[in-house]
Amino acid sequence: MVAGYCNILSLIQLSAAGIQEELEICSIIGGLIISGSFLLRALLAWLALAVFAVINGTVGLLLIQSWAGEYADHVYKTVLLLVFMYFVLLGFWKWTGLENWKSRAVGMGIFWLALTLCFELGFFHYAMGVPWERLVADYRFWEGRLWVAVLLAAPVFPYLSAKHCAKRGKSDII
């Protein structure tokens, strides 16, 4: 296969016969090159987490908070989301494979952190009208707010889960 050149916008690979041209979008995240297909899969996995987080938040608000209080609801939602995130990642690595897992996991973690911050701050402030003071309050770990654990997990869990999968072998992940 003739080597292709990758820049920020695209990667062009030519087949050995020179007949088939394949255009694959690449992204550079934190200096790491990640193929478009991997990035799309990472986005789909993150969207699954976002849907789960919305459902989890709704269940917490409607059931847990009225029964156990606001702080217990906050702890429940955070812990459940973290556990779900790790299991989604185990399935993700089984789906995508572990080729170049270290750089892919780091790039995915940076991507997920950016998506999470954009969604959390952008969507909830601009679409839902949540004031900035309330959004920022969820980042006060010293006041018992655990949301920052999700933000720390977004860049760390992809690496830890891929490392876990690499040690166990892809076929024996879940």
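1. Helices here (H or I, at least four residues) are DSSP runs, numbered from the N terminus. A105 is placed in helix α3. With a relative accessible area of 0%, A105 is buried (under 20% relative accessible area; exposed is over 50%, partly exposed in between; 1.4 Å probe, protein chains only).

2. On provenance: this is a predicted model, in which local features need pLDDT of at least 70 and side-chain atom pairs count only at pLDDT 80 or more, while totals for chains, interfaces and linings use all residues. Residues are numbered from 1 along each chain as its sequence is written, and side-chain values use heavy atoms, with hydrogens and water left out.

3. Residues up to four places away in sequence not counted, A105 touches W93, P158, Y159 and A162 (contact means heavy atoms within 4.5 Å).

4. Salt bridges come next. A search of the whole structure gives four of them, a salt bridge being a side-chain nitrogen of Lys or Arg within 4 Å of a carboxyl oxygen of Asp or Glu. As background, side chains of opposite charge can pair when their charged atoms come close.

5. One of the salt bridges is between E70 and R145, whose closest N and O atoms are 3.2 Å apart. This pair links distant parts of the chain, 75 residues apart: E70 is in helix α2, and R145 is in the loop between α4 (132-137) and α5 (147-168). E70 counts as partly exposed because its relative accessibility is 36%; R145, at 10%, counts as buried.

6. R134 and D138 form another salt bridge, again with closest N and O atoms 3.2 Å apart. Through shared partners, salt bridges join E70, R134, D138 and R145 into one network. Within it, R134 is partly exposed at 39% relative accessibility, whereas D138 is buried at 13%.

7. D73 and K77 also form a salt bridge, with 3.2 Å between the closest N and O atoms. Both residues lie in helix α2, four residues apart, which is about one turn of the helix. D73 has a relative accessible area of 2% and is therefore buried; K77, at 24%, is partly exposed.

8. H74 should be read together with R145. H74 belongs to helix α2 (residues 70-96) and, at 6% relative accessibility, counts as buried. The side chains of H74 and R145 are joined by a polar contact of 3.2 Å (a pair of N or O atoms within 3.5 Å; within protein, one must be able to donate a hydrogen and the other to accept it, and residues adjacent in sequence count only if both atoms are side-chain atoms). Leaving aside neighbours within four places in sequence, H74 is in contact with D138, G144, R145, L146 and W147.

9. N100 deserves a look at its backbone. Its phi is near 50 degrees, a positive value in a residue other than glycine. N100 sits in the loop between α2 and α3 (101-127) and is exposed, at 51% relative accessibility.

10. Last, helix α1 (residues 36-68) contains L62, which counts as exposed because its relative accessibility is 60%.

Key
Helix = DSSP H or I, 4+ residues; strand = E, 2+ residues; numbered from the N terminus.
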